[in-house]
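Here is a friendly note to read alongside the model. Keep the picture open and look for each residue as it comes up.

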Amino acid sequence: MILLYSHRTELRALQLFYRELPPHDFFTFTIPFSMKGSTDGPPIPLPKKYEKALKEREKAINNWYQVVKTSSLSKPQRRQLQKDVQDRFQEWLADSGHATQLNGLVPPHSGKS
C-alpha cells in the first residue's frame, strides 16, 4: 500500500479541526482582577483585521450613544428607550443562550453583609 501525503492533504485535515475566527466574531474581555507588574495589555499586537473590527464596533457604539444624546427625546422618552433596549438585550441573552455564560461570571452571594 502506498500512502500519499502532501501539503494539501495536511491542510484539508487541519481544516477539519480548526478555523480562523472571523473578525466580526472577535470580542475582547476583561479579566476582573489586577496583577502586579507591567502587564497592562496583550503581549503581542492584534492582527490588523481584528483591530479594525474592534474599532468599527466601538465606532458604531459611540455613534449610537451620540444619536441618543443629541436626540430631542424627553426624560420619560429616554427612560422608555433605555427600558426597551434593556428588555430587548435580556430577550437576546435568553434566546441566544448567552445568559448562562454571564450568570457564570457573577460570584455566588455569601450571605454575609
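1. **What kind of model this is.** This is a predicted model, so local features need a pLDDT of at least 70, side-chain atom pairs count only at pLDDT 80 or more, and totals for chains, interfaces and linings use all residues. Residues are numbered from 1 along each chain as its sequence is written, and side-chain values use heavy atoms, with hydrogens and water left out.

2. **Confidence.** The term pLDDT stands for the predictor's confidence in each residue, from 0 to 100. The chain has a mean pLDDT of 81, and 77% of its residues reach 70 or more. Where in the chain is confidence lowest, and where is it highest? The lowest mean, 70, belongs to helix 1, and the highest, 93, belongs to helix 2. Please keep that in mind as you read on.

3. **The overall layout.** The chain has four helices and zero strands, and from the N terminus on its elements run α-α-α-α. Both kinds of element are DSSP runs, numbered from the N terminus: helices are H or I with at least four residues, and strands are E with at least two.

4. **Surface and burial.** Of the 113 residues in the chain, 5% are buried. Buried means under 20% relative accessible area, exposed means over 50%, and partly exposed lies in between (1.4 Å probe, protein chains only). The accessible surface of the chain comes to about 11300 Å², and carbon and sulfur atoms hold 61% of that surface. Such areas come from the Shrake-Rupley method with a 1.4 Å probe, and for residues only the protein chains shown count as cover.

5. **Helix 2.** This helix covers residues 48–70, which is 23 residues, and spans 32 Å from its first C-alpha to its last, close to the 33 Å expected at 1.5 Å a residue. The expected span is 1.5 Å times one less than the number of residues. Which residues of helix 2 are buried? They are Tyr50, Ala53, Leu54 and Val68. What covers these buried residues includes helix 3 (75–96); contact here means heavy atoms within 4.5 Å.

6. **Helix 3.** Here there are 22 residues, and the reach from first C-alpha to last is 31 Å, close to an expected 32 Å.

7. How many salt bridges does the structure hold? There are four, where a salt bridge is a side-chain nitrogen of Lys or Arg within 4 Å of a carboxyl oxygen of Asp or Glu. One of them joins Lys49 and Glu20, with the closest N and O atoms 2.3 Å apart. This pair links distant parts of the chain, 29 residues apart: Lys49 is in helix 2, while Glu20 is in the loop between helix 1 (7–15) and helix 2. Lys49 is partly exposed, at a relative accessible area of 40%, whereas Glu20 is exposed, at 51%.

8. **Salt bridges within a helix.** In helix 2, Lys52 and Glu56 sit four residues apart, about one turn of the helix, and their side chains meet in a salt bridge of 3.8 Å, N to O. Is Lys52 buried or exposed? Lys52 is exposed because its relative accessible area is 52%, while Glu56, at 46%, is partly exposed. Helix 3 holds a pair too: Arg88 and Glu91 lie three residues apart, about one turn of the helix, with a salt bridge of 3.3 Å, N to O. Arg88 is partly exposed at 45%, and Glu91 is partly exposed at 43%.

9. **A nonpolar patch.** Ile61, Trp64, Tyr65 and Val85 make a nonpolar surface patch of about 420 Å². Patches are made of residues with over 30% relative accessible area and no salt bridge; like charges are joined within 9 Å, and nonpolar side chains (Val, Leu, Ile, Met, Phe, Trp, Tyr) within 5 Å. Helix 2 gives the largest share of the patch, three residues. Tyr65 has its place in helix 2 and counts as exposed, with 55% relative accessibility.

10. **Two prolines to find.** Pro47 sits in the loop between helix 1 and helix 2 and is partly exposed, at 42% relative accessibility. Pro47 and Pro23 are 24 residues apart along the chain, and their C-alpha atoms are separated by 9.6 Å.
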